[in-house]
Amino acid sequence: MTFKTLTELANLYGTDKGTIGPTPEWEPHNYTDIYEAYLARHRQSAITILEIGLGVTGPQWETTIVQGRNTGGASVKMWHDYFPKARIVGIDVNPCPYLDNDRIRTFVADQGNPEDLQAIVEAAGGIEFDVIIDDGSHRPDHQQVSFSVLFKRLKAGGLYFIEDLLANGFGDHLSSRHANDSVRNTRSVLKHFQQTGNFLEPNALIDPDALKAQMASLTFHAPKPWVDNVRYPADTEQICVITKKPAPRKPSLFSWFTSRGA
Ligand SMILES: C[S@@+](CC[C@H](N)C(=O)[O-])C[C@H]1O[C@@H](n2cnc3c(N)ncnc32)[C@H](O)[C@@H]1O
């Protein structure tokens with residue numbers, strides 16, 4: 001039996017996570033090798049994945065990725081085929097019930113609205129996720145609100161990916177999708193945490209101390225030194241992954257003996 005790589009599936013369905021976008025003109029992101037490095041070991045596991053931002057057209061958001069070989073929902077289709085036993089929950093502001101099947105369930109929600117996100121978690125039965133992927137609006141406030149609400153819903157040891165960190169400002173540009181006076185861009189907020197142990201302020205994080213207490217690691221990746229034909233310094237990462245602390249280990253019989261000096 002042969003299995004397609006994540007990159008092959010991305011390229012087949014036309015998400016830009018792979019090495020060719022939906023059309024030859026669309027700049028792909030080259031994220032799939034990174035995802036595969038983290039996720040390949042779970043390929044045959046019955047994991048639960050949440051993706052924010054499905055790449056579907058509709059009244060709430062003008063989604064340009066649906067063109068060429070991309071007929072909508074490309075990344076969800078990719079996850080579905082790559083993980084044959086996984087359940088996939090998708091969130092988008094545009095409704096897309098046509099993507100739903102026995103392993104895919106989509107919900108309409110604004111990722112910048114904590115009540116919307118909480119309602120979905122409850123509608124999905126208080127579920128906890130193994131993997132969460134934020135590929136939605138790429139607005140820093142939205143990314144930070146989603147991270148605050150959904151990181152709590154990640155299983156111990158789970159992985160939280162935030163894509164397209166450059167789409168919300170290489171630095172702290174001032175425009176609607178970029179950082180502004182009240183919310184710094186997510187890359188800067190997290191980089192500062194990595195360097196100092198504190199999130200850069202101002203930010204849109206809810207209960208940052210609880211987040212800090214649950215974070216085990218934060219890793220940035222720069223799969224390509226350019227985006228949309230603009231060359232950036234090589235250390236300009238486009239995607240990050242945040243790992244949640246593992247569950248505390250139950251003391252083993254051996255440690256019970258050693259703690260008693262046996
Ligand atoms: C870049 S596309 C996602 C591409 C898709 N993940 C893929 O790889 O093929 C962004 C998606 O985010 C959705 N979106 C935009 N703003 C949103 C928001 N506030 N909350 C949830 N989804 C949003 C858009 O409707 C669009 O479908």
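User: A residue is near a molecule or strand if one of its heavy atoms lies within 4 Å of it. Which residues come nearest to the ligand here?

Analyst: This is a predicted model: local features need pLDDT of at least 70, side-chain atom pairs need 80 or more, and totals for chains, interfaces and linings use all residues. Residues are numbered from 1 along each chain as its sequence is written, and side-chain values use heavy atoms, without hydrogens or water. The ligand has 22 residues around it, and T15, G53, D92, Q111 and D135 come nearest.

User: What does T15 do with its side chain?

Analyst: A polar atom there sits 2.6 Å from a ligand oxygen.

User: New topic. Where is the cis peptide bond?

Analyst: It joins E201 and P202, with omega about 0°. P202 belongs to the loop between α6 (186-196) and α7 (208-214). Helices here are DSSP runs (H or I, at least four residues), numbered from the N terminus.

User: What about phi of N30?

Analyst: Phi is near 60° at N30, which is a positive value in a residue other than glycine.

User: Where does N30 sit?

Analyst: Look in the loop between α1 and α2.

Key
Polar contact = N/O pair within 3.5 Å; in protein donor to acceptor, adjacent residues only side chain to side chain. Helix = DSSP H or I, 4+ residues; strand = E, 2+ residues; numbered from the N terminus.
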